[in-house]
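Dear colleague,

I am handing over the structure below, together with notes on what turned up when I went through it. Please read the notes with the coordinates open beside you.

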Amino acid sequence: MLITQRHFIKRTHSMGNPEPQRIKPLKFLLIAPKGKKDSKSNQKPLFNMAIGVLVSLTPEQHHIEIVDEHFGDVIDYDKNYDFVGITSRTIDATRAYEIADKFREKGQKVILGGLHISFNTEEANVHADCIVCGEAENLWLTVLEDVALNRLKPLYDSKEFPPVKEIIPLDYERIAKASKREKVDGTKSIPLYITRGCPYECSFCVTPNFTGKLYRAQKPEELKKQVETAKKVFFKANGKSSKPWFMLCDENLGVSKKRLWESLELIKECNINFSVFFSINFLEDKETVRRLVDAGCIMVLVGFESIKQSTLEAYNKGNVNSADQFARLIEECRQAGLNVQGNFLVNPSLDSYEDMDNLVKFVSKNNIFMPIFQIITPYPGTTMYWEYKKNGWITDENWEKYNAMNLVIRSDKYDAVEFQHKFMTTYYKAYSWKNIANRVRVNPYKLLNLVTSLAFRKNLREQLDTFEQENNIRGK
């Protein structure tokens, strides 16, 4: 059963916490830092989801301000707050620590949380007064109470609180007010959860160890209320699109076909466009593809990982996936009116320079929408990270480099700088003018194809130029 904020507060009170209304009003700042090497081409949602959840959990008497560096928000270190909360992914961690240190120098209390912090508490401790680990739904009111009563603890671990079994509805109106974002047209995305959790245990994914394997879904009536509120406060109806674009942040929307179809019927009633992360096996079903398009889906991000059969087999995907299958599904989806965004991993232990060249040829031949190439990266919190760390395969833990564009693992076959340069030049070729023109010509939603491709090309060129300058490489 989905839990409302009122019910959540009542349940927390029954567990021994005081009524939130009796806690003195707090004034606090929530920050989403931006790592120095974070991609400028990201189709960034209008707000950080972790911060959105915290805002929605917070009782009304408290005053919240949001700073999101991904939108160029400026931090005022001279303002006074009861505390400053900072959420961090791995690529943002170094910047998060810089911000935290500056606030603490001013005598401000700092609380650090988020994906990276949850798995690097010892590292983060020296930069914070308090660390929050895991999902915050069942511990946030306790944190606020302890701040108000001046008894903030150094650590709040979600494992020591009841498990999170429901999705807290997002308070889009309060988020919009706190974040001060202007309304957008249909070319910018509004984040939304339909489901949370994933029952699978992929070694390169942090979800099983953070959000968990328990699959939770929104109640239909709660979801519709959130969508309508989000439209009202974030969408500029007279913009370039008659429909707002929502970015579904689900870890895995398609756990079962039955549930997926139910979710798509629900989304269809909301009258929106949306993008979503998706498993390739669901695209095999033409009825599912039709329902996706009918519900308003404009693009799906699919983890193809590789077009090389031996590499797919190494990732335990070779028995069901192949390059020929990918090409067929991409074309079938295109004909149905759906963009397929392909995500491909490059691994120095499995892929040669020739394999990279073949990948560009495949992407070009199939006119893949907004292709993403990534060097395999063991992110903290994943099973892969713990395995690589144990075996001594990680060569660099400069978190600024954890953007899947840098080689941070051992390579026995290639020089690290040479391999990374080859990767970056190959990736850039996927966004040649010819490839962009062909992509726009054949794919649905031509403006979206053009805008995103140009943004990717510009960002990749800047990153390649910087890398060549730093490593004294003459550009080709």
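In which loop does Lys180 lie? Lys180 belongs to the loop between α7 and β7 (189-192), where helices (H or I, at least four residues) and strands (E, at least two) are DSSP runs, numbered from the N terminus. Before going further, please note that this is a predicted model, in which local features need pLDDT of at least 70 and side-chain atom pairs count only at pLDDT 80 or more, while totals for chains, interfaces and linings use all residues. Residues are numbered from 1 along each chain as its sequence is written, and side-chain values use heavy atoms, with hydrogens and water left out.

**Backbone**

Lys180 has a positive phi of about 60° although it is not a glycine, and at 59% relative accessibility it counts as exposed. In the terms used here, buried means under 20% relative accessible area, exposed means over 50%, and partly exposed is in between (1.4 Å probe, protein chains only). Asn472, in the segment after α19, also has a positive phi, near 55°, and is exposed with a relative accessible area of 73%. As background, most residues other than glycine have a negative phi.

Glu173 is found in helix α7 (residues 172-179) and counts as partly exposed at 44% relative accessibility. Glu173 and Ser56 are 117 residues apart in sequence, yet their C-alpha atoms are 9.5 Å apart in space.

**Salt bridges**

The whole structure holds 33 salt bridges, each being a side-chain nitrogen of Lys or Arg within 4 Å of a carboxyl oxygen of Asp or Glu. One of them joins the side chains of Lys36 and Glu98 at 2.9 Å, N to O. Lys36 lies in the loop between β1 (27-32) and α2 (49-57) and Glu98 in helix α3 (residues 93-105), so this pair ties together parts that are 62 residues apart in sequence. Lys36 is exposed at 54% relative accessibility, whereas Glu98 is partly exposed at 30%.

Helix α3 also carries Arg104, whose side chain meets that of Asp129 in a salt bridge of 3.4 Å, N to O. This pair links distant parts of the chain, 25 residues apart, with Asp129 in the loop between α5 (121-125) and β5 (130-133).

A further salt bridge, of 3.1 Å from N to O, joins Glu284 and Arg328. Here Glu284 is in the loop between α11 (280-283) and α12 (286-295) and Arg328 in helix α14 (residues 323-336), 44 residues apart. Glu284 is partly exposed with a relative accessible area of 32%, and Arg328 is partly exposed at 36%. Salt bridges that share partners also join Lys36, Glu69, Arg95, Glu98 and Glu400 into one network.

**Aromatic rings**

A search of the whole structure finds 24 aromatic pairs. Rings of Phe, Tyr and Trp (its six-membered ring) pair if their centres lie within 6.5 Å, and planes under 30 degrees apart count as stacked, over 60 as edge-to-face and the rest as tilted. Among these pairs, Tyr353 and Tyr414 are stacked, at 4.6 Å centre to centre with 20° between the planes. Tyr353 lies in helix α15 (residues 353-365) and Tyr414 in the loop between α16 (383-390) and α17 (416-429), so the pair ties together parts that are 61 residues apart in sequence.

Tyr379 and Tyr402, by contrast, form an edge-to-face pair, 6.2 Å centre to centre with 70° between the planes. Tyr379 is partly exposed at 26% relative accessible area, while Tyr402 is buried at 1%. Elsewhere, ring pairs link Phe304, Phe326, Phe344, Phe362, Phe373, Phe423, Tyr427, Tyr431 and Phe456 into a cluster.

**Cysteines**

Why does Cys333 form no disulfide? A disulfide is a pair of cysteine sulfur atoms within 2.5 Å, and the sulfur of Cys333 is 9.2 Å from the closest cysteine sulfur, in Cys297, too far for a bond. The sulfur of Cys270 is likewise too far for a bond, at 14 Å from its closest cysteine sulfur, also in Cys297. By this rule the count comes to zero disulfides. Cys270 is buried at 4% relative accessible area, and Cys333 is buried at 1%.
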